[in-house]
Amino acid sequence: MSEEAQLKIHMMGKISAEYNGKSLPVGTALSGRVLQLFLILLYYHDSGISREELLDMMYGSGEYANPAGSLRAVVFRLRRIMEECLPAGEHIQTEGGVYRWVSKSVSVYVDAREFQATAEKENEEELLRACGLYQGEFLAQLAGEKWVTIVSVRCQELYFRCLRSLSRQMQENREYQSLLNIVNNACQL
């Protein structure tokens, strides 16, 4: 029985991507608008994103004369890069004006989505795990982008809520060494 291939994307702190343990070319082939599209599609993996929202996220500032044509070109370039890095198959699907990352042969792990899902829990174990997943600001390298700022603020709020709740639980349980560890990690971030 073969193990399912996995695409791991880290958006918290430093951006990185790997497929089955091998780094993808973030910063070289995957850069600029191609990287931004790649990250948007993976972040909105489950729900997909409408063409209008995508155009606004990537070209909302009005600096492009033909944003729809630019988007088509970026999608084409990303598909070509993915053909070189991932198994054969369609990874980007457009249906009914919604762009989606789909792959039947590759599972996707995105640390930011995992952090958000885990941070919603209330028990100490899950809160501790959420604090460990938060490795820094969401897509700090793309901080000027409106959509990134919105998600980043949400992640920071969740992180601080987790820290407050976890520290309260640890104080009540007199787990002072563990409390010191999470506070030190938070200070380093």
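Author: Gln93 has Arg100 in E6 as its bridge partner. In this predicted model, strand E5 and strand E6 (residues 98-101) run antiparallel and are joined by four bridges. They belong to an open sheet of three strands with antiparallel pairing, in the order E4-E6-E5. Strand E4 (49-50) and strand E5 (92-95) each have a single partner strand and stand at the edges, so one side of each is left without a neighbour in the sheet.

Helix H1 lies across E4, E5 and E6, and runs at about 85° to E6. Another partner of this helix is H3. Two packed helices are described by the angle between their axes and the distance between the axes. For H1 (residues 32-43) and H3 (residues 67-85), the axes cross at roughly 80° and come within 9 Å. H1 is therefore roughly perpendicular to H3. On the H1 side, the contact is made by Arg33, Val34, Leu37, Phe38 and Leu41; H3 contributes Leu71, Val74, Val75, Arg77, Leu78, Ile81 and Met82. Of the residues in this contact between H1 and H3, 10 are nonpolar, two are charged and none is polar.

A polar atom of the Arg33 side chain lies 2.7 Å from the backbone oxygen of Met58. Setting aside neighbours within four places in sequence, Arg33 is in contact with Met58, Tyr59, Glu63, Tyr64, Val74 and Glu145. Among these, Val74 is one of the H3 residues that make the contact with H1.

Note on methods:
Residues are numbered from 1 along each chain as its sequence is written. This is a predicted model: local features need pLDDT of at least 70, side-chain atom pairs count only at pLDDT 80 or more; totals for chains, interfaces and linings use all residues. Side-chain values use heavy atoms; hydrogens and water are left out. Axes are lines fitted to C-alpha atoms, for helices over the stretch in contact, and angles run from 0 to 180 degrees between N-to-C directions. Helices (H or I, at least four residues) and strands (E, at least two) are DSSP runs, numbered from the N terminus. Angles under 35 degrees count as roughly parallel, over 145 as roughly antiparallel, 65 to 115 as roughly perpendicular and the rest as oblique. Contact means heavy atoms within 4.5 Å. Ala, Val, Leu, Ile, Met, Phe, Trp, Tyr, Cys and Pro count as nonpolar, Asp, Glu, Lys and Arg as charged, and the others, Gly among them, as polar. A polar contact is a pair of N or O atoms within 3.5 Å; within protein, one must be able to donate a hydrogen and the other to accept it, and residues adjacent in sequence count only if both atoms are side-chain atoms. Two strands pair if DSSP finds at least two bridges between them.
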